[in-house]
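Trainee: I would be grateful for a close look at one part of this model, namely its strands and how they pair. Please begin with the open sheet and then follow the pairing into the rest of the fold.

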Amino acid sequence: MRSVMNHRRTASNVLPAIMIWLGAITSFASAQGGETAFEVHEWGTFTEVAGSDGAAVPWWTLSHRGPAELPEFVQMNPGTAKLGHAFRTRMETPVLYFYPSAPMSVRIDTEYKSGVITEWFPAAVWTPAFGITPEGSPVHWLIDLLPPGDDAKDQVPLVGERGHHYAHAREVPDAWLVRNTQSTEEAQVEKFIFYRGGGQSTLPLMTTNNTEGKIEIHQQYGFQVDQAWLVHPSNGSMAWKQLTGMADPAGALPRLFETTLPESTSPMATSGPPLEASLKSSLVDAGLSEAEAAAMVATWSEAWLGEDGLRVLYLLPRQWIDENLPLKFSPQPTRRERVFVARSELITPTQEEA
């Protein structure tokens, strides 16, 4: 009897030890990127200028001001620059947020298939492409992910007046800190990975704006878009409307959707909040968190709502994003969200001629 009791005591002591040992292995595997829960969320924009025939035209700026301006600490690709180059499409402010369940090290690889990545922070490693154009030049990051409250947060650089809108992307409390590890210089820390670029990609919709105020939206590139926002800011006021039911229920392409200019114009203080609320709601439905959607709209409010002009905003299909901007991770996330807004600036034949 005593032998049996001793045996039971030994078993009862061994079982907790085994459980602790298994827990340690699980924690170690999580830290190494094994079966840990690991989410990555991303938002960004692609901008084009649509000519009077609807086709995207190459465009450039001679200086970066307002929404295009970045803080001093953001680094430029040493092989190419965005400023002064004529791109048909500009990839602006992709931001990657990370949500692991334990600290971990991650490698991220990406490339803009029909263009080049021109800026980033933290530092990335760029692989030059051969040929006359730098299209498809890949970049990668080697990073450590640290909890939001880690002491490394004190190393996040301050945002001054230059590129002040950049700071809105940090307004996501649950996002983990990113610290790059591939450089021998002092490590750079941020709340996300930021990058942007320019290229010659073709957005899914082709939109024309004729002199009679009729807007024609053509879906002909193999991707269905069901809703959009037609936005017309001018002299401190704005008219806008949400377009729905644009996609063909049977998926038929090409498809033409016709509409007219928004008629009800009101001061920005009145018209802006409902549009921002509509955009945030759609961004959340597409996969972003409330904080991420709010950060994206705050970042782009000055450009989407503040700059005079006529533009169409819509969410890009996930397949289009993955084909034009492939993103690879090691280890693989257990969940990935990629939510990008396309912005098409419309010009009339009269404006184009001028």
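**Strand pairing and burial**

Mentor: In this predicted model, three strands form an open sheet in the order β11-β12-β15, and their pairing is antiparallel. At its edges lie β11 (205-209) and β15 (255-260), each of which pairs on one side only. From one strand to the next, the twist averages 20°. Six bridges link β12 (residues 214-219) with β15 in the antiparallel sense. One of the positions that can be located there is Q219, whose bridge partner in β15 is R255.

A further set of pairings involves β13, which spans residues 228-234. Five of its seven residues are buried, so strand β13 is largely enclosed by the rest of the structure. Strand β14 (residues 237-243) runs antiparallel to β13 and is joined to it by seven bridges; within β14, W240 stands opposite V231. The two strands make a hairpin with two residues between them, and N235 in the turn has a positive phi of about 50°. β13 also pairs with β17 (residues 311-315), again in the antiparallel sense, over three bridges. In that pairing W229 has L313 of β17 as its bridge partner.

Strand β10 (residues 193-199) can be examined in the same way. Seven of its seven residues are buried, so β10 is largely enclosed by the rest of the structure. In a regular strand, side chains alternate between the two faces of the sheet. For β10, both faces are covered: I193, Y195, G197 and G199 are buried on one side, and F194, R196 and G198 are buried on the other. Strand β3 (residues 89-100) is antiparallel to β10 and connected to it by five bridges, with L96 opposite I193. Strand β5 (residues 115-121) is likewise antiparallel to β10, here through six bridges, and E119 has R196 as its bridge partner in β10.

Y195 and E42 are joined through their side chains by a polar contact of 2.6 Å. E42 is located in strand β1 (residues 38-50). Its relative accessible area is 0%, so E42 counts as buried, the limit being under 20%. Beyond four places away in sequence, the residues that E42 touches include P94, V95 and L96, as well as Y195.

Conventions. Residues numbered from 1 in each chain as written. Predicted model: local features only at pLDDT ≥ 70, side-chain atom pairs only at ≥ 80, totals over all residues. Heavy atoms only, no water. Helix = DSSP H or I, 4+ residues; strand = E, 2+ residues; numbered from the N terminus. Buried < 20%, exposed > 50% of the residue type's maximum accessible area, 1.4 Å probe, protein only. Polar contact = N/O pair within 3.5 Å; in protein donor to acceptor, adjacent residues only side chain to side chain. Contact = heavy atoms within 4.5 Å. Pairing = 2+ DSSP bridges. Axes fitted to C-alpha atoms, helices over the stretch in contact; angles between N-to-C directions.
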